[in-house]
Amino acid sequence: MGKEHLLVINAGDNFSGKGELAWKKAELIIKVNNLMGTDLIALGAKEYRVGAEKLSQLAKSSCAPFICANLKDHRQLDAPYFMPFLRFERGGRKILVVSVIDPAIGRYLKDDRLELTDPLAAVRRLQRTISHDVFILIANAQSAVIETWLKQLNGIDLAIMGRYIWLMGNKCKRLGPTMMVANNNRGKTMCYVDLDLDANGRVRIAKPVYWSLKKDTAPKDPLVAALVADYQDWEGRYHYDQRSQRLRQANADKPQSGRFYLGKDWCRRCHGAYIADWRQTRHARALDSLRRKKREFDPECLPCHVTGMNDKKAGGGFADAVITPQTANVQCEACHGPAGAHALGPEKNVVVDKVTEKTCRRCHNRETDPNFDYQRDLPKVNHSHIKR
Ligand code: HEC
Ligand code: HEC
Ligand code: HEC
Ligand code: HEC
């Protein structure tokens, strides 16, 4: 269908909160809406969770205007980023779209620069002053509240309930002249409403259709899929960083005693020949393999491609390539065990772990290396060809 006949409405509650993660997600959602050609984004109560400052930043990056008729922005400068309403021409008819939020649920609005005013007064004012053939109201409120509003208002053709209300999305309801539809089912459905003209030339609203957004009914858009993949990359690293920070904190809190990792550069001081020998093995380049696959931050992949990760008893070993570059790749201590005490005082601490088949099997398991053969593979790594 041509764009001149289509109106794409995002009824709000897109964002999930404050913080870096929520912010990145919000940016992604705006980019995707830009690609979809969304015509407007109605503000829901959740939108304010990102804070007034961030919200106007998002509004600036969005092709679709953000609208809300009962939002008072005390900073006049930013006021234009939140429009009270929009009016579209479709099929020669004027379609007025207005959005309001129930102040009772706008409790996230802790920012004193934004304030919610009486929604009914705002709707009535626009009904009076802006000429239109069709009036669409997006209401961010509980369904019971919306119904009491609709009973006090006339001339609303379509009401979009901008909250998660009905468990299963496939519902609609007529209240007097108003068709009511639900906004969302947590992103699983989209509601589609046909407007046409009756015999008298009056706009008629057909029964809404809920469109399930599953793989087979809504194929992936390659551009959107790429954006989502980028985001997921970022999110993976984000979670990993958080984890590393906690790990680093835990290590800092704990005095280093007993078993701990130092990394190959310490071993080199006394075992130079072994380092040279080890460098010839793929163990020395194991992290590069992950980099090639862009998985070098993935906690699912890292433990076998680095040294001592998750070995909490010995202070953790590898955390990430920035914090703990000294334990990147499968080094000496991946096989010989944490050898910090030995390296700092070899005369007192000669014993390092015994290397057995079990040592290798931690990483060379049936899934990752089905062809592993201890007897055959051992000579490749036990420094057997170093002249002793
Ligand atoms: C200050 C010197 C020094 C440093 C540093 C050092 N070692 Fe040693 N290492 C020795 C000495 C001495 C021995 C005793 C055997 C020998 O003469 O080679 C030894 C023996 C070993 C053995 C054989 C143990 C055995 O039971 O036969 C391993 C394995 C080993 N070191 C691993 C490491 C690792 C891994 C590191 C780095 C974390 C490291 N060493 C750092 C001096 C050092
Ligand atoms: C901490 C995990 C880990 C441990 C422990 C480990 N390996 Fe590996 N090994 C790897 C990884 C990961 C690779 C692949 C490196 C790459 O290419 O990215 C590998 C590669 C190899 C290779 C090279 C394969 C080839 O065909 O060239 C051999 C041989 C090998 N390991 C033998 C062993 C043996 C024997 C042991 C035990 C004495 C052992 N490994 C212990 C993780 C480990
Ligand atoms: C349980 C330990 C383990 C985990 C977890 C693991 N690997 Fe490996 N990986 C290995 C071992 C062992 C080898 C060497 C196997 C061989 O020589 O065929 C290897 C080899 C590789 C190689 C080089 C060989 C090749 O096939 O090109 C790549 C790339 C790789 N892994 C990527 C990954 C990625 C990506 C993940 C996370 C999804 C991952 N690994 C998780 C143990 C592991
Ligand atoms: C993939 C596992 C693996 C890695 C990685 C590894 N080694 Fe070994 N290393 C062995 C095995 C197996 C032996 C044989 C003796 C044993 O069973 O402990 C051995 C033996 C040794 C010995 C004792 C040699 C002897 O003749 O008694 C030293 C010293 C040693 N390794 C140092 C190192 C150093 C230093 C590194 C890092 C550069 C390193 N190893 C990396 C598996 C490994």
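This is a predicted model: local features need pLDDT of at least 70, side-chain atom pairs count only at pLDDT 80 or more; totals for chains, interfaces and linings use all residues.
Residues are numbered from 1 along each chain as its sequence is written, and chains are lettered from A and ligands numbered from 1 in the order in which they are written.

**Ligand surroundings**

- Around ligand 3 there are 15 residues, of which Ser289, Cys301, Cys304, Thr368 and Asp369 come nearest, a residue being near if its C-beta atom, placed from the backbone, lies within 6 Å.
- The shell around ligand 3 divides into 5 nonpolar, 5 polar and 5 charged residues, where Ala, Val, Leu, Ile, Met, Phe, Trp, Tyr, Cys and Pro count as nonpolar, Asp, Glu, Lys and Arg as charged, and the others, Gly among them, as polar.
- Ligand 4 has 20 residues around it, with Tyr274, Trp278, Cys332, Cys335 and Asn382 coming nearest, and by class its shell holds 11 nonpolar, 6 polar and 3 charged residues.
- Helix 6 (264-279) and helix 8 (332-336) each contribute at least two residues to the shell around ligand 4, and helix 6 gives the most, with 6 residues; helices (H or I, at least four residues) and strands (E, at least two) are DSSP runs numbered from the N terminus.

- An open sheet is formed by 4 strands in the order 1-2-3-5, with parallel pairing, where two strands pair if DSSP finds at least two bridges between them.
- Strand 1 (9-10) and strand 5 (82-83) each have a single partner strand and stand at the edges, so one side of each is left without a neighbour in the sheet.
- Strand 2 (residues 40-42) runs parallel to strand 3 (residues 66-67) and is joined to it by 2 bridges, and Ala42 stands opposite Ile67 in strand 3.
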